[in-house]
Structure formats: C-alpha cells, structure tokens
Amino acid sequence: MELKHIDITRLTVSSLNMRGTRKSCDIANILPSVRARGVLVPLIVREMVASGSAVSEAGSAAVEHVPAYEILAGKRRFHAALAVAEESGGIEDLPCAVIEPGDDTAALEASLIENVARLDPDEMTRCETFTRLVGEGRDVEGIAQTFGLTALQVKRTLALGNLIPRLRNLYRADGIDAVSLRHLTMASKAKQKEWLALHNDERATAPTGAWLKSWLFGGASIPASAALFDPADYKIEIIADLFGNEAYFARSDAFWTLQMAQVENRAAQYRDAGWGEVVVLSKGQTFHTWEHSACSKAKGGRVYIAIGHRGDVTFHEGYVTAKEARRLEMGDALEKVVRPEVSSTLNAYIDLHRHAAVRAKLVEDTALSLRVMVAHAITGSGLWTVRIEGQKAPSDAVAESVEGCLSESLFDARRRAVLALLGLDAETATVTGSDANGQGICGLVRRLIAMDDGDVMRVLAVVMGETLDVSTGLIELLGEHMGIAMADVWRADDALLDAVRDREVMGHVLAEVAGEKVAAENASATTKVQRGIVRDCLTGTNGRIKRDSWVPRWMVFPASAYTTRGGVGSAERGQRMARTEDSGTPEIPETVAGSLDREALPHAA
C-alpha cells in the first residue's frame, strides 16, 4: 500500500464502492468538517487501467501518462471535497491509500472494512498520541505507515503539538476556528500567549484568518517564493506552513532589505543592457497596462518594476505612457531620459551615514532631543503613531458630567495657554495633531528650539495629558504619587447617582453619606428611595444635613470596592499596582515631580 496526495480531478468513484456510484449521497454531517479542516482520513483507491496509448499531435512522442484512480472507499468524503472545491474555487490534493492492483474481491473487501470499522479520533487526541510516539523514538514515516496516513498528514498533526494547552482546549471547545488554529502553529509560545490574551480581553479583538497571519508576521505575510534571492544563502528565518503550500519569512524587515537590494541590482542590469529608463514603482503601486503602450528599447521604451506588499516583484519591459505613445505615432521623439546623478543604493548610503551622524550628536544634546521628541509626540512621523485619548462616554449624562467638571476646566486653560505659545488658534481642539502654518514637524521643531525650557515643558505636559490612556494602571500610579484628592476637584452629581443600580452598593453609599443609623432605618427601602436620601444629603435639602466633600471609594486614590464581588476597574488596577510595588518595583523619584516648575504653569480662573 502506498500513501500519497492525489488531485481531486484524477479521482472517480469505483463501481465496487460499497456506497455505490450514484452521484447523490448524504454529506450533510461531514461537509462542515471537510469545509473547516479538509479531508483528514485517506480514501482507499487503486489505479485505473489505461484504455490505450496516447500520442502527441505530431504522432511521434508519447504523452506522459497521468494515472487516474478509482475510489473503493471514501465516496462521501470525495463528494464533500467536491462541494468545498465548488464553493471556494479549489481544494488541496486529497490523501489517498493506493492499494496494489488485484482482483475485485480484495477491492470490495477493502471498501467494506474501511466503511464499517472506521472510527476517527479528534485531531487533538491524535496529535497527543503522535507526540508520545515521537517521544518514544518513532519517526514520521513509521507513524504514517502504522496509522494509514501520509507523512504530510502526520507532520500537520504534530504541528498542533506546538500549541500551548490553553489553545488546544479552546479548539476542543469550538472557541477557535481551524484556519486560525493552523496559523497559530507557526507562532512562538510567547506569540500564542499574546494572541490568547487578546482573545480573552473583552475590550480587544483577536485577529483571525488571513488577518491573523499578517499579525503573526508583523504586517503582510511574505511567502518565501516571492524572494528574488535564495534564502538559503542568507541567515534569514523561514517558517513553513504545513497546512498550506508556502513558507513565510519570520521577519519582514530582513526580507525587504535583501529584496530591495536585489531590485536595485536588477534595475542596474537593465540600465547596463541599454534601457534608457528603469522606473521602480513605490511599494504597493500597481502598474496598469491599459495606461501604457508597448514600445521597444530603441524607441525609448522603459522598464517598470512593480513591487507588491507581499514581496512579489514584476518586471514590465518595453512600455511608455499612453500619452507618449500618441506622440510617437505623430512622429515626435521622446525626450532623452537623463540618468540621476546617484543611484538609489548610493542615495541610501548617503542618507544612512548622515542619519548616523545626526543621531550620534543628538544624544549629546538633551535639550534639543527633548524638543524633537515633543514635536514627534504632537505631529507623529513615519515611525511614531500618536493617538489622542477620546474620553468616550457611555451616555450623554456621563459625557456632560466630565466636560463640565473642574478638572477639565483646569486642563483646558492650560491647553489654551500652550496653543498660544505655539501660535495656534485658542479654539483648536487639541495641541496633539496640530500643525502650525502647515509646516509639519520641521516647522514645529524650529518653533520649539526658539522656546525656553519652561515653555517646552508646558507644551509637553499638555500633550502628555491629551495622550494619557484612560482605564489603565498608569492612572492609579500617577494619582497616588501626586497625592490627588478627588474632593478638591469633583462633586457628586446625578450622572453618578443614577448609574448606581445595585441595591447592596447603594446601601453602603447611603451609610457613608447619611450615616449608619439612617441606612439601617431605610434598609428595606427601594434603591430609588435610598438614592433620593443620598441626593438630599449631598444638597442639604428636605431637612437633611448637607454632607460636603464625599467621594465614593471607587474614585479616591488608592481606590477600593464596597463588596467582594469584583468588577471595579479602578480598585482592581490599584491592587495590581500594589502587588507590583511589593515585588520591588522602584517608586517614581521625587525629583521627577520636583523638576517641574508647577507655580509657572497657567492656572484656570
């Protein structure tokens, strides 16, 4: 018996198949599995006897014989694969156990045994079994022979062993699709844990499918077949995809360095061969043939080199633009292309050395480095992505409460002062992302160079405030370190009280605001009634003594909860920060805060 993968077009159902040769068969229960995972169990087939010898059109040389096979067992898997191929436009070759040609009785017996006795384990169980066998010294070929599988199927199954246990359990529980799971077999353990953390985070979206492959490889996954160079000649890591027909570069940056060097070499070869102009298109820019016309080298035709985002490179020889082609038809000659003074390789050499010289000097000038960094934080760059905290609120009431609070008024006053320093309109929404006079990062750096250190620090402080991420441990750390007293800047309002719906929590709040006696007297009252008493105490109405400066436990620094049920984000982040501090993480030096001239900062009226 020989095990191999066979093109589905070379297979047909045998008349000896115990399920018959009729096209109709029930595949409903196996179609989802085949659609998601492909055909896992080999079909039992035998080679069909050719009816005659084919010859070429010339009648002399024999055409290479391409064997066809008849399916003795596996008709339903075959028809399910046909259905998937029709849906998706194709399917990978099917695993087949090819038995030796023999009498029909033996073939019928094989069909009967396979269909009656087969009971497949799930993929993960099979993987764990194969892994144990490998640990005991069995090789892939031996395992394949024992279990009636191809070597490729065994390798694919063993690849699932690269997954951490939590991913395997997630797959068993149908928590992850097969395609995404197979992509994760190419990931390191650390990357798998990173993906699982995204999957378990309700606020995040874990990448799946093709998006997952791009995520794993830090952008577009680049197949090894796209390389213009031989990867074997370079120390560049390639990861094989056992579930596909490709291997991929583990580091796209290493690939692009080598690939672009090859593109430049090929362009130089074209120029040396007499092509007047070689145009290397920007990465991802498509060469449209309908916008160009064919033109020979002698008449001024160019070579266009198109580079795809996945590393593929296409060379289009002998083209001019459609407009230039019309000029040629009218008898006009094309202008002779003047070769640039320096090549792209020389330009890169020049740029890299100048860059090295500038940054070596920049690290010695901390004041200038600070200004350049602030400019990057405001405008961003090709390497900096800056986002402003949007302070998205779940309701209009919460949004209005935050917008009207004292803290926002103080911050807005400082923002307006910084906008004035930068020569921007005071009504500009944010300092971050602004561009004074449309001069970009260079214009901003020039303006910052002209400022004294105090003004630069004022700009930096506002930009940091605008880009400070909400709902993070950093808020807890900074709030505690700066000793923020929420009672100085916040007062309870209806937006807060109306959001408290839990009866137990409202009871605790009532006890804090009105006292234990009032809380006990109204323990059986509805949440609405208790809320009303709290509101009366905070405002001093309806005969209640006014309670000033009350702040709920969730909002103070450090924060805490009223119950042991959890779910209080500020309290949980504070606890994590406390555990980190206990583990030996150094505190923020007092000199950091002391170095800022707080008195010089603008104050709100």
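Phe229 is a buried residue, with a relative accessible area of 7%, and Phe249 is buried as well, at 1%. Keep in mind that all of this comes from a predicted model.

**Aromatic pairs**

How many aromatic pairs turn up in a search of the whole structure? The search gives 8 of them. One of these joins Phe229 and Phe249 in a tilted arrangement, with 6.0 Å between the centres and 45° between the planes. That pair ties together distant parts of the chain: Phe229 sits in the loop between α10 (209–216) and β6 (238–240), Phe249 belongs to strand β7 (residues 247–249), and 20 residues separate the two.

Another tilted pair is made by Tyr270 and Phe315, at 6.0 Å centre to centre and 40° between the planes. Why does Tyr270 count as buried? Its relative accessible area is 12%, and the label applies because buried means under 20%.

**Charges over rings**

| Charged residue | Ring | Distance from ring centre |
|---|---|---|
| Arg266 | Phe315 | 4.1 Å |
| Lys283 | Trp256 | 3.8 Å |

So Phe315 pairs with Tyr270 and has the charged end of Arg266 over its ring.

**Around Ser343**

Ser343 lies in the loop between α12 (322–329) and α13 (344–362). Is Ser343 buried, exposed or partly exposed? Ser343 is partly exposed, with a relative accessible area of 32%. Ser343 and Ala268 are 75 residues apart in sequence, yet their C-alpha atoms are 8.8 Å apart in space.

The chain has a mean pLDDT of 82, and 85% of its residues reach 70 or more. Where does pLDDT stay under 50? One such stretch is residues 116–120, for which the model has 4 contacts beyond four places in sequence. Another is residues 588–605, with 20 contacts of that kind in the model.

Definitions and conventions
Residues are numbered from 1 along each chain as its sequence is written. This is a predicted model: local features need pLDDT of at least 70, side-chain atom pairs count only at pLDDT 80 or more; totals for chains, interfaces and linings use all residues. Side-chain values use heavy atoms; hydrogens and water are left out. Helices (H or I, at least four residues) and strands (E, at least two) are DSSP runs, numbered from the N terminus. Buried means under 20% relative accessible area, exposed over 50%, partly exposed in between (1.4 Å probe, protein chains only). pLDDT is the predictor's confidence in each residue, from 0 to 100. Contact means heavy atoms within 4.5 Å. Rings of Phe, Tyr and Trp (its six-membered ring) pair if their centres lie within 6.5 Å; planes under 30 degrees apart count as stacked, over 60 as edge-to-face and the rest as tilted. A charge sits over a ring if NZ of Lys or CZ of Arg is within 6 Å of the ring centre and within 35 degrees of the ring normal.
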